[in-house]
Amino acid sequence: MASAFATSSAVIGLGTTSLSSPKPTPLFSSFVKSPVRARNPLRIAGAAGGKYTCSFERNWLRRDLNVIGFGLIGWLAPSSIPIIDGKSLTGLFFESIGTELAHFPTPPPIASQFWLWLITWHFGLFVCLTFGQIGFKGRTEDYF
């Protein structure tokens, strides 16, 4: 019995190279798609030395500081009119900032008026900036 263990019989796959093949076998599954290269619809063969070309305008935002300046002034002017119990929206927002900064490490509670003034003031600002961008760029590019 001891002689059976003393002989060197290698277990196939662990100590021999009889199972290893120079070419790995591909595994196929119905759950995994076959390896197909994705085609880029924006690439035109031979155009620009094989680089990608696109008709999308790179400067799509067309940022203009006039719009930002006039939009901010255009929002600060009406939001500074005292119509909410004799106070303006800007005044109420800045006052609530000061109140909340008085107890700085602690965040404002969810029921604080700060959140109402913050959302309302910024919503008005972004609407004003959006319409300003539409109007200013529409006018300079002769849309209307």
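Predicted model: local features only at pLDDT ≥ 70, side-chain atom pairs only at ≥ 80, totals over all residues.
Local features need pLDDT of at least 70 and side-chain atom pairs count only at pLDDT 80 or more, whereas totals for chains, interfaces and linings use all residues. Residues are numbered from 1 along each chain as its sequence is written, and side-chain values use heavy atoms, with hydrogens and water left out.

Q: How far apart are the end C-alpha atoms of helix α4?
A: Helices here are DSSP runs of H or I with at least four residues, numbered from the N terminus, and the expected span is 1.5 Å times one less than the number of residues. Helix α4 holds 28 residues, 113-140, and should therefore span 40 Å. The separation of its end C-alpha atoms agrees with that expectation, at 40 Å.

Q: Within what arc do the buried residues of α3 fall?
A: Buried means under 20% relative accessible area, exposed over 50% and partly exposed in between, with a 1.4 Å probe and protein chains only. In α3 the buried residues are L89, T90, L92, F93, S96 and E100. Taking the directions from the helix axis to the C-beta atoms, these residues line one face of α3, because seen down its axis they fall within an arc of 165°.

Q: How are the rings of F93 and W121 arranged?
A: Rings of Phe, Tyr and Trp (its six-membered ring) pair if their centres lie within 6.5 Å, and planes under 30 degrees apart count as stacked, over 60 as edge-to-face and the rest as tilted. A search of the whole structure finds five such aromatic pairs. In one of them, F93 and W121 lie 5.5 Å centre to centre with 20° between the planes, an arrangement that is stacked. This pair links distant parts of the chain, 28 residues apart, with F93 in helix α3 and W121 in helix α4.

Q: Is W115 buried or partly exposed?
A: F114 and W115 form an edge-to-face pair, 5.0 Å centre to centre with 70° between the planes. F114 has a relative accessible area of 11% and is therefore buried. At 32% relative accessibility, W115 counts as partly exposed.

Key. Helix = DSSP H or I, 4+ residues; strand = E, 2+ residues; numbered from the N terminus.
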